[in-house]
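This report goes through a predicted model. It takes up selected loop and helix positions, then a strand position, and then the ligand site.

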Amino acid sequence: MPTPERLARIRAVLDRRQPDLTVLMENVSKPHNFSAILRSADAVGVLEAHAVHPTGGVPTHHRSSAGVAKWVYLRVHPDVGSAIAHLKDRGFAVYATRLSPSAVDYREVDYTRPAAVVLGSEKWGVSGEAARLADAEIVIPMLGMAQSLNVSVAAAVILFEAQRQRLAAGLYDRVRLDPATYRRVLFEWAYPEEARRLRVEGRPYPPVGEGPG
Ligand code: SAM
């Protein structure tokens, strides 16, 4: 049973969740990178992140940030084509992060519109297929000797640019989740065990206290 303070904190976080901002991790293979990306995603208000992984699952979470997985839903797709099709069907513009001459500076993108950022594997980067399917390629300009950033650093740089734009546009000042999603997530975050049991039994969640949920 959450304390009233805990419930208020959960509501405050949910009030700022951005259902139209997300990441797609394409074969990000190191658990600490995977978890660090989810942690940054949580910090900017991502509700649900996406991944494709050769194992069909996800890399095991690094212990130091394992807890964050509770607050960012993760949808695993069988392959990058279906992941991007899913995002486009839901109205996301898809931006592939790529160190290519045709990529545009990541700050030129309008992240106040529905946006999904594709992040590539540590070794191979974003695949040619993902780049082809994406709406645009974006790059963080590299002015030093190193060719690229660590993938979780690149994710943070781009996600916090999205946060900056969304703060300026007032997108964190009003609830962005539809009421049914708000109620569902509120219940799952406040009563995770109970939520699991009700799902298994195929029963609906009861409402949680007062407020928008
Ligand atoms: N050899 C790979 C390549 O050429 O793409 C390097 C991959 S890099 C270490 C891993 C991932 O971090 C990239 O796929 C991309 O998602 C992200 N990344 C790293 N540096 C970046 C930059 N300067 N701009 C955009 N994304 C970057």
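## Loops on either side of β1

N27 is in the loop that runs between β1 and α2. Its phi is positive, at about 60°, although N27 is not a glycine. The relative accessibility of N27 is 29%, so the residue counts as partly exposed, given that this class runs from the 20% limit for buried residues up to the 50% limit for exposed ones.

P19 belongs to the loop between α1, residues 4–15, and β1, residues 21–26. With a relative accessible area of 28%, P19 is partly exposed. The C-alpha atom of P19 lies 9.2 Å from that of D178, and 159 residues separate the two along the chain.

## Helix α2

Helix α2 covers residues 31–44, and N33 is part of it. H32 and S35 are also found in this helix. Is N33 buried or exposed? N33 has a relative accessible area of 2% and is therefore buried, the cut-off for that class being under 20%. S35 is buried as well, with a value of 0%. H32 has a relative accessible area of 41%, which makes it partly exposed.

Which side chain does the side chain of N33 contact? The partner is the side chain of N150, in a polar contact of 3.1 Å.

From H32 to G91 the distance is 30 Å, for a sequence separation of 59 residues.

## Strand β6

V118 lies in strand β6, which spans residues 115–119. Its relative accessible area is 0%, so V118 is buried. The C-alpha atoms of V118 and I138 are separated by 9.6 Å, and the two residues are 20 apart along the chain.

## The ligand site

For I140, a backbone N or O atom is 2.8 Å from a ligand nitrogen atom. For L149, a polar backbone atom is 2.9 Å from a nitrogen atom of the ligand. For V126, a backbone N or O atom lies 3.5 Å from a ligand oxygen atom. Taken on its own, the ligand has 570 Å² of accessible area, and the protein covers 83% of this.

## Summary of the positions

Among the positions described, N33, S35 and V118 are buried. P19, N27 and H32 are partly exposed.

Conventions. Residues are numbered from 1 along each chain as its sequence is written. This is a predicted model: local features need pLDDT of at least 70, side-chain atom pairs count only at pLDDT 80 or more; totals for chains, interfaces and linings use all residues. Side-chain values use heavy atoms; hydrogens and water are left out. A polar contact is a pair of N or O atoms within 3.5 Å; within protein, one must be able to donate a hydrogen and the other to accept it, and residues adjacent in sequence count only if both atoms are side-chain atoms. Accessible areas come from the Shrake-Rupley method with a 1.4 Å probe; for residues, only the protein chains shown count as cover. Helices (H or I, at least four residues) and strands (E, at least two) are DSSP runs, numbered from the N terminus. Buried means under 20% relative accessible area, exposed over 50%, partly exposed in between (1.4 Å probe, protein chains only).
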